[in-house]
Amino acid sequence: MNFDFSPEQKAFGQQIRRLLERRCPMTEVRAAFADDVGYSRTVWTALAEAGFLGAAIEGALGGVGLGPLEVCVGAEELGRALAPAPSLASAYLCSEAIRLYGDTTQQTRWLGLLASGDVIGAWACDDGFAPALDDLPELDAGRLRGARSMVLNGMTGDVAVTLARTVRGQPVLALCALGAPEVIRAAAPTIDPTRRAASLRFEDAPAQALGTAGAPEYRRLIERAAVYLAFEQIGAADRALEMARDYALQRKSFGRPIGSYQAIKHKLATIYAGNQIARAHAYYGAWALVADGPELPLAAAGARIAASEALTAAAQENIQTHGGLGVTWDSDCHLFYRRARFDAHVLGAPLAWKAHALTALQVGPGAG
Amino acid sequence: MNFDFSPEQKAFGQQIRRLLERRCPMTEVRAAFADDVGYSRTVWTALAEAGFLGAAIEGALGGVGLGPLEVCVGAEELGRALAPAPSLASAYLCSEAIRLYGDTTQQTRWLGLLASGDVIGAWACDDGFAPALDDLPELDAGRLRGARSMVLNGMTGDVAVTLARTVRGQPVLALCALGAPEVIRAAAPTIDPTRRAASLRFEDAPAQALGTAGAPEYRRLIERAAVYLAFEQIGAADRALEMARDYALQRKSFGRPIGSYQAIKHKLATIYAGNQIARAHAYYGAWALVADGPELPLAAAGARIAASEALTAAAQENIQTHGGLGVTWDSDCHLFYRRARFDAHVLGAPLAWKAHALTALQVGPGAG
Amino acid sequence: MDFDDTPAEAAFREEVRVWLDSVTTRLGPDRARPTRRGGERLALAREYQRRRFERGFSGMTLPREVGGGGRQAIHQIIYQQEEAHYDNFEVPEIFGIGLAMCLPTILSHGDPAQQARFVRPGLRGDEIWCQLFSEPTGGSDAAAARTAAVRDGDQWVVNGQKTWTSGAHFADFGLMTTRTNPTAPKHAGMTVFILDMRAPGVETRPIHQMSGESDFNEVFLTDVRIPDAMRVGGVDDGWKVAIATLMHERAGIGGRARDLGWSGLLRMALQPDAHGRRPIADPRVGERIVDAWLVEFGAQLLGYRAMTALSRGEQPGPEQSVMKLVKAPQLQRNAYLAMEMADAFAALMPGTKAGVWREVEHAWTFGASIRIAGGSDEILRNIVAERVLGLPGDVRIDKTTPFNQTPV
Amino acid sequence: MDFDDTPAEAAFREEVRVWLDSVTTRLGPDRARPTRRGGERLALAREYQRRRFERGFSGMTLPREVGGGGRQAIHQIIYQQEEAHYDNFEVPEIFGIGLAMCLPTILSHGDPAQQARFVRPGLRGDEIWCQLFSEPTGGSDAAAARTAAVRDGDQWVVNGQKTWTSGAHFADFGLMTTRTNPTAPKHAGMTVFILDMRAPGVETRPIHQMSGESDFNEVFLTDVRIPDAMRVGGVDDGWKVAIATLMHERAGIGGRARDLGWSGLLRMALQPDAHGRRPIADPRVGERIVDAWLVEFGAQLLGYRAMTALSRGEQPGPEQSVMKLVKAPQLQRNAYLAMEMADAFAALMPGTKAGVWREVEHAWTFGASIRIAGGSDEILRNIVAERVLGLPGDVRIDKTTPFNQTPV
């Protein structure tokens, strides 16, 4: 039984943590919150240099050649720091799509640039697990035509992956460079300004099919990203709990620390339990992601639902523990509160994932 | 604004309370729990004498000529005492069915005996709001043929009301005296031995249509009974909360009353809030029951769901507050725990009623 | 049992309606109110409040002799119910604290000179009041005031900081708790004053909430001089005065009719998406809407129970605390459900569903705030447990310890 | 990251399996165990336990010198995992308390004579142990023992009452807390003894639980004489001993694999009723099954985390407390959901669905019990808050007050 990361993987996580403690204080998060692009170039470059962006990409293609588990431990640290970094679409979705399903030319062209942070990947989130063909842009003869309303990193990204349909009505994954004049972008405000999106119109923009990937691969990518994102979520949930704990130790009411009242103690103990359960599911998701077998759908759902519930509860009760201070703009509480909702929704909301989980429980291999 | 019972109605409730305090201590409940019939004849007779069983029945027919609101305030006291009395099927369902939908002959024959407690009414609970015709016994030429698996008071009852179908496939309410040899009864164990049931086979048993009542009237009767039962439930919920409160005041742990710990204080405050919300819904149900208008379906659903949730929580956390003692046979806690589940299920379980409520929210008159 | 007015109540309701029709305009079906800003907003509110006063609808339950309406609490509620359908010039937001909390306190605990000076002008809308009790280190404990008032002849010199003060930036006067004896236990060393908000040394700064709005202020007090004549109640005897003020507060806080509720959620759930799918088709959504209704309508019914008591001239029970306790977290859950219905696209609501989003965002941020303001969930559970169920108070060391030795 | 045994662990697992095959029988797919009663039950259990001892699988983590297995905690877990598939003659129920709690305590805190007298016979299955800590007025506070032990020469005279004692009616010995100095603060006046359960004055009565079963006993002690040689640890120094015993307890309590879980619920949900309707068609039922899975499988995964620590020879974290905290209330919710699927007919389950009902009823009653036993929900939250999050302990007056002046 070795249900844990290896010492080397943990050390990698520690390295990312120290880097973010140095480069990504909350002032950096707030700066990104308010600026035009919604992310910190400093942080992004540092993450590239630390090998995080290329962790899962093999060395020959410009990556670091570690693996998905390193991405998981690193993601936890990004979440903990509330890092204003376009990690979700660029590292967990776009890079993974090209790495797993791109042809050699596509991999050679993009992966090194994605690993170095010189290129930011974007991802169209419009579609659920049963994409509606009518919604998809059409990919024909190397040109993409149509619209997407929810493209993560749509403004800042250099290359996007989206579902498209062929002229024969087949869903395929398409890869499209965003700098082309045939791509019309418009920023789409989000509920967490440290995670940005755009709506895109492709007016016969040059694009290619991503290998032979279609709807099943699209779904698989979402499931993988759900695990990576779950690690960001549990990192953020732990941080929110620590904020609440620290405040409860320091803040006095009626002559004693509010953390000495059972109302607060038990609230935070309950959050802790939820975070631990979420962490266990995330670890299992990480295992399933590497095993890449039939366990992934259920494991990803478990990781995603548990992490979303944990961060929702932690962010919400962190505010409650902070009292009046917690609802002010100057407090960091609301940054977690926003992130909690964004992350819980962006790849599909909890009710949708609970439906996925139920299906997997009925058809998939037994849970554990 | 007069959203309350009248002083006279409250006095009627107080009278029932005092009577039950005298005649129905928990020893009486436990005796019924263990005996053959599952109810206390003493209590039943006393309730008849106090005018509870005939409260809604007019004087000319042998009743007391008060009204449904008196039944409500009385029912709360029955619930509070966990009275081992066949009130639900006899007073809230069978009597009401005959009172509202029976012809004069039926009313004259039965209502006085039901009001005096000399006759116990039974009620077949097999059917939901959309009864399946195939399940119903057939009523043809004054004879009833078929089976019912869940007849409340099926063993002790003298007369039963059940849905049946005519030879033309119409659902009708049928009235059937149970003493006839063509009625074969078998006790059906329940999860609360102070509420008994039986399965019945009707082998061409003499029976009559209850006036012209069919499926809509059946539904209306269930909705009315849901309100009466909600009053029993809030009575029981308040009593369970008081038990927990009293124990929390008296029991010490780590040198102080367990009721001085916020874990217990806040738990009981939460129960109190739930009981109050349930009480408000039950009162609205009582109003709608008397108004007898289009508000009843939603009001009954609100009363039933809120009361079921309140008693479930109160009974469950009463055990928890009592600690080890709470899970023993000798403690009264489990009697409430059983009653909570029986009452929550017998007229249809919470999920079913939430579905009714949703329908009513969409089609009915605005809530309030 | 009925929901009807008594004949006298019905007559009063009609009186109110006729009068409202004569002085202001009925709102449209969306109940949207005109937005006004700055000086115009205050001037119109003062004007409307003066008319209310002249008609006897200001300070409804205060005695006629001091300028009040001389009526019962039920009349106040009927008045509010009716006025909710009209443009009220934001009088509740601007004058509410004075009318509901400060002026009644001055009437019960102020001296005759203070009553003569302040009650009538306050009721007439000439002067706006705010309440200066909360402090940065105080939290839920109104007795934790650290703002120091030191006697200097006929005056007091005040230094300290107040927070969460609504309307401080436009108020004329404030009712303020101070610490006058730091060596006494906390409840025995407080004194209450009337503060002239324009006195030198009073500085007001807005608090930015997470929603981006600023409904509250911090008030900094630096060597502010207050005449002893502005002291309300005895020296070091201010806790009694503060409690009287706070008794009026809780009734006023809670969800508002315009907050995202079950009917708004149902409306969203019936709205088809681009593919004609409606969220209501998912019974899990339906169940949550029913849960929202159970809480919201249940709380509304509890309100009717309180009104029934008022209508009989009785004191209502703990309904207000219970209503707030159940409604506040429900508002937060309602926001979550509204987002759930948008699935992934909830992330984009500020842009794509701007109209709906305003309502959802408010429920999301205000839902978090209202679980804290005016008695947090935790404080309310304590209140219910102690005052209603009779359970023991928390172990307290601060009641007997000298204030300046209590941990901060 | 994997769920595999290390090669050494795999070899041990194989060893265990081979041995089990040689001494007992593998259970069928329903994992039903033979039911045995009274003397036969105890005799077979003793026999099987003796074989475990001889093979070195009794007291797995205790030193070989005293008769234990001399292995690591991970071996104990592997052994339990494998034995779960076999008829174990109820050894865990009968000998578990002795093996896991009493004998390790005697080994760490008993004197050499006690160790020589008790450890080996206990491990070999010759003697059965019970634990006598809980008292009627004690609740969650193991230091609240009131059972008095008064010295009389070389003996102690014991009077009092213990409760919630598993196996007291068939145990040979019991480890017991007593009060030897009632004027000292509660933790400073306790002494622990080994009680001969057949000594005059020891009377055992079963406790009837709400389920109708009797898994526990009350033990009444009237002028029971215990030789001083049976004292474990110093006079008045028993808290230290008791704590050592309790440290072993929590690990052993919690849901069992056979409790109604998500898979049982799913099976019920897939079962069509007479009209061919399956509960799973209602997404509200499906959602609750997923919720049950999230908790149950999450707790199982937490167990793997603890095992990983053990496998490395490290101390596990607070996983056990968290597992119990989330699983116990879930079991109660699972029972409710099972009943919900039967709708109105849940009221008749004892008759109509006897097979299913046994499982549901157990979840319903045991779910309520397990939220209390072995660390209640409230105590576990305190433990997590204080030991893991570092929040302050509750305000305690009983730590310094003389025991006989502490409120009861």
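Here are some questions and answers about how features of this predicted model get their labels.

Q: Why is F254(B) called buried?
A: A residue is called buried if 20 or more other C-beta atoms lie within 10 Å of its own. F254(B) has 21 C-beta neighbours inside 10 Å, so the label buried applies.

Q: Where is F254(B) found, and what is its phi?
A: F254(B) lies in the loop between β9 (252-253) and β10 (256-257) of chain B. Its phi is near 50°, a positive value in a residue other than glycine. Most residues other than glycine have a negative phi, which is why such a value gets a mention.

Q: What makes D204(A) partly exposed?
A: The label sits between two cut-offs: 20 or more neighbours for buried and 12 or fewer for exposed. D204(A) has 15 other C-beta atoms within 10 Å, so it counts as partly exposed. This residue is in strand β7 (residues 197-206) of chain A, and its phi, near 55°, is positive although the residue is not glycine.

Q: How do you know that the radius of gyration of chain A agrees with that of a compact globule?
A: For 368 residues, a compact globule would have a radius of gyration near 21 Å; chain A has 20 Å, and therefore the two agree. The C-alpha trace of chain A spans about 75 × 45 × 40 Å along its principal axes. Of its 368 residues, 67% count as buried. In chain A, 73% of the contacts with a separation of 6 or more are between residues 24 or more positions apart. Chain A has 11 helices and 10 strands.

Q: What makes β3 and β7 of chain B a pair?
A: Pairing takes at least two bridges between the strands. Strand β3 (residues 143-152) and strand β7 (residues 197-206) of chain B have eight bridges, in the antiparallel sense, so they pair. One example is G146(B), whose bridge partner in β7(B) is F202(B).

Q: How do you know that β6 of chain B pairs with β7(B)?
A: Six bridges join strand β6 (residues 183-188) of chain B to β7(B), against a requirement of at least two, so these antiparallel strands pair as well. Among the bridge partners are A188(B) and, in β7(B), A197(B).

Q: What makes up the contact between chain B and chain C?
A: The contact takes 37 residues from chain B and 34 residues from chain C. On the side of chain B that touches chain C, the largest share, 16 residues, comes from α8(B). By class, that side has 23 nonpolar, 10 polar and four charged residues.

Notes: Residues numbered from 1 in each chain as written. Chains lettered and ligands numbered in written order. Predicted model: local features only at pLDDT ≥ 70, side-chain atom pairs only at ≥ 80, totals over all residues. Contact = placed C-beta atoms within 7 Å. Helix = DSSP H or I, 4+ residues; strand = E, 2+ residues; numbered from the N terminus. Nonpolar A, V, L, I, M, F, W, Y, C, P; charged D, E, K, R; others polar. Rg over C-alpha atoms; globule rule 2.2 N^0.38 Å.
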